[in-house]
Amino acid sequence: MSRYLIQGGRVIDPANNIDDTLDVLIENGKIEAVGKHLAADAEVIDASGMIVAPGLVDMHVHLRDPGRTDEETVETGLRAAAKGGFTSIACMPNTDPVTDSASVVEYIQRQAKDAGFGNVFPIGAITHGLAGERLSEMGELIQAGAVGFSDDGKCVMNSQLMRRALEYTRMWGKPVISHAEDELLARNGQINEGYWSTVLGLKGIPSAAEEVIIARDIILAELTGGKLHIAHLSTAGSLDLVKRAKEHGVNVTCEVTPHHLILTDENLQGYDTNFKVNPPLRTAADIEALRKGLKDGIIDAIASDHAPHARHEKEMEFDYAPFGMIGLETTLGLILTELVDGGVLSLGGAIAKMSAGPSRILGIPKGSLGIGGDADLIVIDTNAILEVSANKFESKSINSPYVGRTLKGVVKDVFTAGEPVIKDKVFVDSYGEKRFSRVVL
Amino acid sequence: MGLKHKDLVSINQLTSDEITLILDMAESFREVSERPIKKVPTLRGRTVITLFFEPSTRTRISFELAAKRLSADTVNISKSTSAVVKGESIKDTAQTIQAMAADLVVIRHAASGSAALLAKYMQCSVVNAGDGAHEHPTQALLDLFTIRQAFGTLNGVKVAVVGDILHSRVAGSNILALKKMGAEVTVVGPPTLIPKGVESLGVKVSHDLDTVLPEVDVLYLLRIQLERQGEPLFPSLREYATLFGLNKKRLQAAKPDLIVMHPGPINRGVEIASEVADMPQSVITTQVTNGVAVRMAVLYLLLGGAGSDE
């Protein structure tokens, strides 16, 4: 087991209220010490002028494995995550087969362990086969390692079933993650309902499709005392609902994606299917509200909703192309460029929403540089420029609307469980070094 | 003189001068269809392919006749005869047609944006003959031609478009084109058929045909369907006819020189009473006649008149 001393960086560790120029010593996979002028017999990583942060946590990722390994595998997903600064990701259960049994959870974990770039925390299905008819065996899923439940991609339309899910999971305090989309209000919808859906002749999805379900789920969380998390919140109205629920003491948290903080439905003008995403890109007024919600602390986490899709499936007529965009490799850069430089979040605030925030929601021991904790850590060069290019993605898919953009902030080093995954912007396995795979679960 | 565009996908691409150019050009082509020998050699040696992924009679025939009367070679591909039934994507279809050196492709497709998508993958010209609920630009151009014919101008003409504005590509293109040419547009229908934000396009919205009718010069009726994708948007066709259907009694309140238009096919007894469809105010068949001339102008101008040996 090696020792590493990450020297002279600005250490930002929101979980422990640290923001100072410090050294970090990691040993045996754990954070050994954080302090001024540490000295140790260790390999030194020069972090002067850089940001040292906990390995980021993305609580909303689609890995397509098992099922669509032509689009992404656990391994390529973890590689993309590492490149984007994420050492822990939670993956959604809409795989094929659906992650509704212990065996699928175990399969994903084995793939992650073999890949060795970072940690995967599977989310189990709320309902068997995502069919919305009966609860999956949640206890068995938790025993296998599931950290929460969601039918993401589909809404649990049956209110009674959603009530039971929130009620049943109280045994473990695990979150039920709501994909809030009223199926009938959103049916056949392609983009946000508004001026642009009219001009482009595309069926609109009203904000109300999201808001009525969020309102329902908040009421059910209040009824049951269950732990509710709202995935990819996208409208000003949704934010208002969550804000009021929090004020009333309801156990609810929420996440927002970078694209719902940055892009609007105006981007759909050219029918570019890389902008087709669910929930749809909304309006400038929604962006403004979400940014304020982030600033005010109503929004708990930023998550990518990384959704890889095959190129030929995105190159279809708009109505027939699937929803979703990849995001693992652009989230950090987008947040630094648009929100930190844009004055919405402090650097520490931004890192908190991508580390301590999601870790707290999922109840996982990640997103912190606390002494004795797992040494998942990243070094960010905030002055380096990332040129988003289709042929540079680590992800197997390239469905990103940001291709061609330049973003500020590149991940220089990544450590997972105390071992380097990326050193000086290069994956260590490309040096022929042994790839470490002691993934802590 | 031609159009500087490769494609005609949306009315938005055109300036008012370009629209006037097309209409003026159509004026001179209209006469060709009145000759005993309805053909000019203008596009001889050019290949026009009509790609109809959705059923259509008048638009497909209109484009085909327009191309033939300009002496272009035409090939028709419909969904059932294309490789699409074998699962070929629009991109691959485009590349296949491209490889056979077509000069212009006319596309009708159920998905909005599909004409733009095809145009992206093709070097040759693409004309949108209706894409989903988005646009149908040549329909709007032939409608402008018909209105100009009746009133001598488009500027200041008051037009009411009645019916399913939400799902109508005809309304989509007509609103843009009429506004561009200085006409005043009111859209009329139940709130469930009026799309969000349509006022931002500079049109007025009304839910009462009887207050709008006496004010307008043109009553443009759209085809009504009870269900769209399995979703009923109003209670019944009977109630629609009661509230928004044009009948003889209603027509009495209209200006004497009102013209009644419809893109076809009409539902007699729903949006238009049978006897009204056959009254002199109705210019529905004139629209069809003008359609050929306008499409000749569009084909001619997009292909730049090149290859002509006039």
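UniProt positions are given in the numbering used here, feature names are shortened, and annotations may be inferred rather than shown by experiment. The model is predicted: local features need pLDDT of at least 70, side-chain atom pairs count only at pLDDT 80 or more, and totals for chains, interfaces and linings use all residues. Residues are numbered from 1 along each chain as its sequence is written, chains are lettered from A in the order in which they are written, and side-chain values use heavy atoms, with hydrogens and water left out.

**Chain B**

UniProt, in an unreviewed entry, places the feature "domain: Aspartate/ornithine carbamoyltransferase Asp/Orn-binding" at residues 155-302 of chain B. That stretch is 34% helix and 16% strand. Its end C-alpha atoms are 26 Å apart. Helices (H or I, at least four residues) and strands (E, at least two) are DSSP runs, numbered from the N terminus.

Chain B as a whole has eleven helices and eleven strands. Its radius of gyration is 19 Å, close to the 19 Å that the globule rule gives for 310 residues, so chain B is as compact as a globular protein of that length. The radius is taken over C-alpha atoms, and the rule is 2.2 Å times the number of residues to the power 0.38. Of the contacts in chain B between residues at least 6 apart in sequence, 73% join residues at least 24 apart. Contact means heavy atoms within 4.5 Å.

**Chain A**

Chain A has 14 helices and 19 strands. Its radius of gyration is 21 Å, close to the 22 Å of the globule rule for 441 residues, so chain A is as compact as a globular protein of that length. For contacts in chain A with a separation of 6 or more, 74% are between residues 24 or more positions apart.

**Chain totals**

Buried means under 20% relative accessible area, exposed over 50%, partly exposed in between (1.4 Å probe, protein chains only). Accessible areas come from the Shrake-Rupley method with a 1.4 Å probe; for residues, only the protein chains shown count as cover.

| Chain | C-alpha box along principal axes | Buried residues | Accessible surface | Carbon and sulfur share |
|---|---|---|---|---|
| Chain A | roughly 65 × 45 × 45 Å | 63% of 441 | about 15400 Å² | 48% |
| Chain B | roughly 55 × 45 × 35 Å | 57% of 310 | about 12500 Å² | 53% |

Now the charges. Lys and Arg count as positive and Asp and Glu as negative; His and the chain ends are not counted. Each charge is placed at NZ of Lys, CZ of Arg, CG of Asp or CD of Glu. Chain A has 43 positive and 61 negative side chains, and the centres of the two sets lie 2 Å apart. Chain B has 33 positive and 32 negative side chains, with the two centres 3 Å apart.

**Local features of chain A**

Two cis peptide bonds come up here. One joins Asp65(A) and Pro66(A), with omega about 10°. Pro66(A) sits in the loop between β6 (56-61) and α1 (74-83). Another runs from Asp96(A) to Pro97(A), with omega near 0°. Pro97(A) is in the loop between β7 (86-91) and α2 (102-115).

Positive phi values come next. Leu130(A), a residue other than glycine, has phi near 55°. Leu130(A) lies between β8 (119-124) and α3 (138-144), in a loop, and is buried at 9% relative accessible area. Asn188(A) has phi near 65°. Asn188(A) is in the loop between α5 (183-186) and β11 (191-192), and is partly exposed at 37%.

Asp265(A) occupies the loop between α9 (258-262) and α10 (284-295). Asp265(A) is buried, at 5%. Beyond its neighbours within four places in sequence, its contacts include Asn192(A), Trp196(A) and Arg282(A). The C-alpha atoms of Asp265(A) and Pro280(A), 15 residues apart along the chain, are separated by 7.5 Å.
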